[in-house]
Amino acid sequence: MDDESRRLATLICAAPLPAGETVLLGHGGGGRLTSDLIRDLFLPAFDSAALARLDDQAIVSVNGCRLAFTTDSFVVKPLFFPGGDIGSLAVHGTVNDLAMGGARPLFLSAAFIIEEGFSMQELRRIVGSLRDAAREASVEVVTGDTKVVEQGSGDGLFINTSGIGLVPPGLSLSCNQAKPGDHVLLSGPIGDHGMAIMAQREGLEFESTIHSDSAALHGLVAEMLKATDKIRCMRDPTRGGLASALNEIAGQSRVGIELDEGSIPIHEQVRAACELLGLDPMYVANEGKLVAIVAEGAEQVLLQGMRGHSLGREARVIGSVKREHPGLVTMRTPLGTTRIVDMLAGDQLPRIC
Amino acid sequence: MRYVDEYRDQNIALALASEIARRTTRDWVLMEICGGQTHTIMRYGLDELLPARIQLVHGPGCPVCVTPLETIDKAIELASRPEVTLVSYGDMLRVPGSHSDLFHVKAAGGDVRIVYSPMDAVKMAAAEPQRKIVFFAVGFETTAPANAMSAWQARRLGLENFFLLTAHVLVPPAIRLLLRSPQNRVQGFIAPGHVCTIMGYQEYEELARESRVPFVVGGFEPVDLLESVAMLVAQLEDGRAVVENQYARSVSYRGNTAAQQIMELVFEVCDRKWRGLGMIPQSGLRLRPVFARHDAERVFGLEEITSPEPPECISAQILQGLKRPHECPAFAARCTPKNPLGAGMVSAEGACAAYYQYRRHVPPVSRIENG
């Protein structure tokens, strides 16, 4: 190709951007860009069967004992929000990743990356909240790390937590196990965490404040495992929301998932905030909800089990697993029509009008 | 939620669908002009509820989609300059220019910020006098008043570091072009409710008179759109061609006159190129000369470049209602939201992207007969 035609080619090529050459914010959004990055860069680099399962936690065997192991970094802004702060979130996020594998969470690590100039009082408050959340979840913070970066090199405070838990013998939950006929259960209303953060950031005020749902889910999970042994997998729909979590399950299990739009609970003020900001609650983050796939016939007993726990009181069956449209999540609208609930490319962006 | 739930009500929607089926005796091609309306039609599958004799085609009313590549390239060039902060509505960031997009510029260190209101950009200019704040003023008549207000405020406050990169477009000239085309097949229009909230609907009466085509000013919820279709079908079946207002809870005949005044004060009408449609005379807004020192194109001396569209893209035909997205051979194959070839696929509100996002699982011709 000569220079002129090369120049023309770059001019004509309207779009295909080499997302490969630069890391974009969207690579951390939990949508398709994140999946691509994991598939193309991280998975090939670390040749590990446990990693390749792409669940929220790795399950590894040590001397016949099955351990769940996970790690998560917390970069939430603002650090304090209605319903929690970065400290409690750092416990709940990691505990929940362990719980989604059916594990009983035992130990956490906590690493703090602090920007020079950060308020000692705020740090004390956050550490106190992390301690309280760990105590409440009956997990012990057993190791940690502290780094301070120069002013301008961080954003106040980042926290990383890793966690270890024990998986009960014989239990195997994984997102590649959904089968046609299975039911999809959701533990409660979606979008609370993400909209609590957005409302705070945008200075939105409603009649009642939107509170984050940030909570440790392992107690609920223990009740669910008691109720039935027919659970195929669980996910906590954090970044990317319910839509992304279900798309991942549909993709990994090579099945279709059909949801009933009218059955998905959303708090009124979350709906209102989403309408106002042009966001779809299906893609908004949750920090205290889970979605479970369960074999046909076991859904009612599981539902009863979930509703008996304070964090599952509003649990619902929201859809089922289908043979049709493998890899796609579809939704039956209240009008009787269907539509796709796609994975987002990157972050959800407010629309212009 | 009031003003939302009743407009998504299943019983009302289905009753309107049967009313449409009952009234329809001939084939009619209808166009919803606004991208927000297209988005609702696809999201709720409203086309599935209509009789086969009604075909909905999708108009040019997605401002992100019709912003020319050249303008996006200019925004990218500005955002790449170290002294510039480029401020934009969120959905412009993902739109690819000739060789990059604003997300990539941001990742490479460019100062790109998302706001909900151009007034936030004015506040930035006041708070950060050392930065050159450029607001990417895109959109139809809907966003023009707020953008005009930002320039007016900046001038009043003497903010020499506030600029607008203007790519405003106007709906009626594009619809006139479409109606005058010998190939036109659109027989009735759902006029854009948000645009008419600002402008009223006098301009559409001229169009209806000139071309003997009915217009219904429509809202954005499923019931709004079905009711608009019902009103259009009633006019067409009765042989009438006037402008009716379905979206009366928001739109008045004269519109928002205060908003029109600020637009008039700040902007003047100019010729404007539309992505996918080409140059349309008197179809854009630019800053008046008195605001020249806030006009990014003049101040930064941006070079005029031309960026041809890929020949494979049929967005010109789609934006004129001559074809629908799934009738394009590149749809969902070589052209996807991740790798868009042209106008309709670049924004979530573009017709092609809406088809891709919500409806690629159903074969294009499947429809429920409501006979």
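Q: How many residues does the largest nonpolar core have, and which have the most contacts inside it?
A: In this predicted model, the largest nonpolar core has 213 residues. A:Leu185 and B:Val134 are the residues with the most contacts inside that core.

Q: Which helix provides the largest share of this core?
A: Helix H12 of chain B, residues 222–238, provides the largest share, with 9 residues.

Q: And what does the core draw from the domains of chain A?
A: At least three residues come from each of domain 1 (55–166) and domain 2 (183–340) of chain A.

Q: Back to A:Leu185. Which residues is it in contact with, leaving aside neighbours within four places in sequence?
A: Its contacts include A:Val291, A:Ala292 and A:Val294, and also A:Leu302, A:Leu303 and A:Met306. A:Glu299 is likewise among them, as are A:Ala315, A:Val317 and A:Ile318.

Q: Now the two domains of chain A. What separates their centres?
A: Taken over C-alpha atoms, the centres of domain 1 and domain 2 of chain A are 23 Å apart.

Q: How many residues are in contact between them?
A: On the domain 1 side of chain A there are 21 residues, in contact with 23 residues of domain 2 of chain A.

Q: Which element gives the most on the domain 1 side?
A: H4(A) gives the most to the side of domain 1 that touches domain 2 of chain A, with 8 residues. Helix H4 (86–99) and strand E5 (104–115) of chain A each supply at least two residues there. By class, that side of domain 1 has 11 nonpolar, 7 polar and 3 charged residues.

Q: Changing topic: how many residues are in contact between chain A and chain B?
A: Chain A has 34 residues in contact with 52 residues of chain B. On the chain A side, helix H1 (3–12), helix H9 (268–277) and strand E14 (338–340) each supply at least two residues.

Q: Which of these gives the most, and how do the residues on that side divide by class?
A: H9(A) gives the most, with 4 residues. The side of chain A that touches chain B divides into 19 nonpolar, 8 polar and 7 charged residues.

Q: What are the confidence scores?
A: The model has an ipTM of 0.85 and a pTM of 0.88. For chain B the average pLDDT is 92, and 98% of the residues score at least 70.

Q: Where in chain B is the pLDDT below 50?
A: That applies over residues 365–371 of chain B. Beyond near neighbours in sequence, this stretch has 12 contacts in the model.

Terms used. Residues numbered from 1 in each chain as written. Chains lettered and ligands numbered in written order. Predicted model: local features only at pLDDT ≥ 70, side-chain atom pairs only at ≥ 80, totals over all residues. Contact = placed C-beta atoms within 7 Å. Nonpolar A, V, L, I, M, F, W, Y, C, P; charged D, E, K, R; others polar. pLDDT = per-residue confidence, 0-100. Domains from an automatic or database assignment. Core = buried A, V, L, I, M, F, W, Y, C linked by C-beta atoms within 7 Å. Buried ≥ 20, exposed ≤ 12 C-beta atoms within 10 Å, placed from the backbone.
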